[in-house]
Amino acid sequence: MWKLLLTGGGTTDALLRSIGLGGLVRPWLADLDIVIWTLLFVLTWKYVGFAIILLLAGLSNVPPELTEAAEIDGASWWQIQRHITLPLLGPTIRIWMFLSMIGSLQVFDVIWVTSVPAVRSLGASATMATYMVDNGFFARLWGYGNAIAVILFVISFIAALLFQRFLLRRDIEGAVTGRRG
């Protein structure tokens, strides 16, 4: 859908021309300078719904008694959000950050489907996953593609370990006591 909207002469260009902003028409997926920003917008559009669902799930775990008590004590709406809601959403936000970080290292589908192969081969919209497929499969450099896959795995694994060690540890400390029943 996004490729149809953003190709030359597509819906986005027609919309910009119809409202008098024809000067903003660009080759959204073929311009080396803006393709990464276009894809960033598309990926944000794709994953913002997931973030909203996670945050809504986290908000359902905020006890209403805490906000009511803060209101009775005279706290403003902003103070309630800053001192009660956001700290209680901390674990949800950290999980969302973790999933986003690992997902950004492995993003493939949107880049592969929407970007032009020539632009991708010049590195303007390449990710490690698309680079791996371009070199390992299409260039038939099987060993090189496998090496890229291993490096991608190692980077993701180390990032996950560091993230868990320093940011998620606080969330799981109470859940894991180390005692065996």
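Predicted model: local features only at pLDDT ≥ 70, side-chain atom pairs only at ≥ 80, totals over all residues.
Which residue just after α8 takes a positive phi? Hold that thought for a moment, everyone, and thanks for coming.

Let's answer the opening question. The residue is R140, and its phi is about 55°.

Now over to a helix pair. Helix α4 runs over residues 64-72 and helix α5 over residues 77-105. Their axes come within 10 Å and cross at roughly 165°. Anything over 145 degrees counts as roughly antiparallel, so that is how α4 sits relative to α5. As for handedness, the crossing is right-handed.

Who makes the contact? On the α4 side, please find L66, T67, A70 and E71; on the α5 side, I80, I84 and L88. Sorted by class, that contact has five nonpolar residues, one polar and one charged. Keep in mind that an α-helix has 3.6 residues a turn, so residues three or four places apart point the same way. With that in view, have another look at I80, I84 and L88 on α5.

Let's stay on α5 for my last stop, T92. Is T92 buried or exposed? Its relative accessibility is 18%, and the cut-off for buried is under 20%, so T92 counts as buried. Leaving aside residues up to four places away in sequence, T92 touches L54, L55 and G58.

That's my tour, friends. Over to you for discussion!

Definitions and conventions
Residues numbered from 1 in each chain as written. Heavy atoms only, no water. Axes fitted to C-alpha atoms, helices over the stretch in contact; angles between N-to-C directions. Helix = DSSP H or I, 4+ residues; strand = E, 2+ residues; numbered from the N terminus. Parallel < 35°, antiparallel > 145°, perpendicular 65-115°, else oblique. Left-handed = near helix turned anticlockwise from the far one by under 90°. Contact = heavy atoms within 4.5 Å. Nonpolar A, V, L, I, M, F, W, Y, C, P; charged D, E, K, R; others polar. Buried < 20%, exposed > 50% of the residue type's maximum accessible area, 1.4 Å probe, protein only.
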